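Subject: Structure handover

Hello,

Here is the structure I promised to pass on. Please look it over first; my notes follow below.

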Amino acid sequence: MGARHSGRESALQMLFQIEVSGASAEEAIALFWRNFEGEPEGRAYAEEIVRGVYEATEELDARIAAASKHWRLERMGRVDRNLLRAGTWELEHRQDVPRAVILDEAVELAKAYGSESSSSFVNGVLDRIAEELGRKDMDR
């Protein structure tokens, strides 16, 4: 497992914690690392995602709501919602990470932590958002 993958997985867990407990990003980050280890690169990437999502949740949620036809944010599972927030943030702010990698990682985490339908739902919404943002990989 790569450092960024473990970072994304840790970020998902922290974002879930923030949503459930109402903690701030800094509180969630501190509590998480007090209880779990992480590779330095993975830790840094997780913290970047968590802080970015925390600061831009309203904007991210608006973009997700527009792209997720027939699904209100409050009807989505917490795992799906937080994967979509993290994936959307990455699509918007990490031009150095290929679109396909962002989508593939979100799908894998959805399979591991979400419901039976999470992976296809997350993939479909993030693909739509990537298109809206004009994110294309070289081979597309």
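Helices here are DSSP runs of H or I with at least four residues, strands are E runs of at least two, and both are numbered from the N terminus. Buried means under 20% relative accessible area, exposed means over 50%, and partly exposed is in between (1.4 Å probe, protein chains only).

This is a predicted model: local features need pLDDT of at least 70, side-chain atom pairs count only at pLDDT 80 or more, and totals for chains, interfaces and linings use all residues. Residues are numbered from 1 along each chain as its sequence is written, and side-chain values use heavy atoms, with hydrogens and water left out.

Which residues of α4 are buried? They are L60, D61, I64 and A67. Viewed down the axis of α4, these fall within an arc of 130°, so they line one face of the helix. The arc is that of the directions from the helix axis to the C-beta atoms. An α-helix has 3.6 residues a turn, so residues three or four places apart point the same way.

The face of α4 turned away from the buried side carries exposed residues E58, E59 and A66. E58 belongs to α4, which covers residues 57-67. Its relative accessible area is 72%, so E58 is exposed. R85 is 27 residues from E58 along the chain, and their C-alpha atoms are separated by 9.9 Å.

S68 sits in the loop between α4 and α5. Is S68 buried or exposed? S68 counts as buried because its relative accessibility is 2%. Leaving aside neighbours within four places in sequence, S68 is in contact (heavy atoms within 4.5 Å) with M76, F121, V125 and R128.

**The whole chain**

The chain has 7 helices and 0 strands. Its C-alpha trace spans about 40 × 35 × 30 Å along the principal axes. For 140 residues, a compact globule would have a radius of gyration near 14 Å, and the chain agrees at 14 Å. That radius is taken over C-alpha atoms; the globule rule is 2.2 Å times the number of residues to the power 0.38.

Of the 140 residues, 49% count as buried. Among contacts between residues at least 6 apart in sequence, 72% join residues at least 24 apart.

Best wishes
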